[in-house]
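Hi everyone, thanks for coming. I'd like to walk you through one structure today, so please have a look at it first.

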Amino acid sequence: PPYLNDLAVAAGKLWFGSATDQPGTGEDTNILYQTILNDTHIFGQITPANAMKFVSTEPEQNVFNYTGGDIDVAIAKDHGKYLRCHNLVWQNGQLSDFVINGNWSADELSAIMKNHIDNVVGHFGSNCYSWDVVNEALNDVNGSFAPSVWYDTLGPEYFFLAFQYAQEAVAALPAGPKPKLYYNDYNIESPGTKATAAENLIKELQARNIQIDGVGLESHFIVGNTPSRANMTAQKQAFVALGLEVAITELDVRHVQVNATNSTSFAIQAQNYYDSVASCVEVDECIGITVWDFDDQYSWIPGTFPGQGLADLYNADFTRKPAYYSVGEAL
Ligand code: XIL
């Protein structure tokens, strides 16, 4: 087969990678899944799909649990893969009840944020190539801040505080390689209101001398409705013009009706994957491509978008889709 990570590295990228969701999802006990994930010729990087999120790492106030995240660190070390660490502050998504329901003052909530970031960044340390510091801060339509306990309590300052705390936590790590600090979102892969809003947040961070190193372009796309390669390249270049690197962080291309697929739809899906990957290849500062897991059996799509799916590079039975080969051609 084409070896996607080997091809990505030959194309000058740091990796072709995948999200993974272990333990407890079945991925950890599926030998075919494990064999493919662990093969660093195919995947040179992993992102924990859930294990490093707030609710996983600090389920009760100041009680930290690194069990799942440490598994990802071990996978990365054992197989020579990069690790993208995901994420520190994300709306109310997978946020612990104590944060959401605490009726905290602004000072109390910012102290909770700082304590979380200090502990989690401190624990995973230099194992992380990067941290997604803030995830999905923006509304889809008008690019304003999305509501969350963070925004509702702290206002827009929550965004800047998160990066400031992350910068301080990274600076406090022992000497050696330090995680890069990313903003990660979807619908910012091509020009538009939301991408412009993200650029403005980056400029504001920079005006305040707060560190940001990269933008994660999630790239959860729909078959036949993926931005054009030219538009995706233009938007990458716009972020790069601000002095940042970019990465494709959560690529998948879903069918909106799993019961209405055919060879044509899988060919379109392959072209959509091709365009996304080719756009990263043609921008030097696009450092890598990560799919949001690789096998339809474990895709997050059907659980979140009922009736949708068949979004990944491999069919549920671990045979490769046309999209797998088109990614190989793009690299
Ligand atoms: C998803 C996980 O894959 C699911 O298992 C979980 O139930 C919900 O979150 N954008 C992100 C990711 O940044 O964290 C999300 O991951 C998918 C969308």
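**A walk through the model**

Let's start with Asp-295, which counts as buried because its relative accessibility is 0%; buried means under 20% relative accessible area, exposed over 50%, and partly exposed in between, with a 1.4 Å probe and protein chains only. Before I go on, a word on the source: this is a predicted model, where local features need pLDDT of at least 70, side-chain atom pairs count only at pLDDT 80 or more, and totals for chains, interfaces and linings use all residues. Residues are numbered from 1 along each chain as its sequence is written, and side-chain values use heavy atoms, with hydrogens and water left out.

Back to Asp-295, then. You'll find Asp-295 in the loop between E9 and helix H12 (301-304); helices (H or I, at least four residues) and strands (E, at least two) are DSSP runs, numbered from the N terminus. Setting aside neighbours within four places in sequence, Asp-295 is in contact with Asp-312, Tyr-314, Asn-315, Ala-316 and Phe-318, where contact means heavy atoms within 4.5 Å.

Now to salt bridges. Side chains of opposite charge can pair when their charged atoms come close. Here a salt bridge is a side-chain nitrogen of Lys or Arg within 4 Å of a carboxyl oxygen of Asp or Glu. How many salt bridges does the structure hold? There are 10 salt bridges in the structure.

One of them joins Asp-296 and Lys-321, at 2.7 Å from N to O. Asp-296 sits in the loop between E9 and H12 and Lys-321 in the loop between H12 and H13, so this pair ties together parts that are 25 residues apart in sequence. Asp-296 is buried, at 10% relative accessible area, and Lys-321 is buried too, at 1%.

Another salt bridge pairs Glu-157 with Arg-208, at 2.8 Å from N to O. Glu-157 belongs to helix H8 and Arg-208 to the loop between H9 and strand E6 (214-217), so parts 51 residues apart in sequence are tied together. Glu-157 is partly exposed, and Arg-208 counts as partly exposed at 35% relative accessibility.

Next, Glu-189, in the loop between strand E5 (180-185) and helix H9 (193-207). Glu-189 is buried yet has no salt bridge, and Lys-194, the nearest side chain of opposite charge, is 7.7 Å away; Lys and Arg count as positive and Asp and Glu as negative, with His and the chain ends not counted. So what does the side chain of Glu-189 reach? The backbone nitrogen of Asn-187, at 2.9 Å. The backbone nitrogen of Ser-219 also lies 2.6 Å from a polar atom of the Glu-189 side chain. These are polar contacts: pairs of N or O atoms within 3.5 Å where, within protein, one must be able to donate a hydrogen and the other to accept it, and residues adjacent in sequence count only if both atoms are side-chain atoms.

Finally, the ligand. It is surrounded by 13 residues, the closest being Asn-50, Lys-53, His-86, Glu-250 and Trp-292; a residue is near a molecule or strand if one of its heavy atoms lies within 4 Å of it. A polar side-chain atom of His-86 is 2.7 Å from an oxygen atom of the ligand. Glu-218 has a polar side-chain atom 3.3 Å from a nitrogen atom of the ligand.

That's my tour, thank you!
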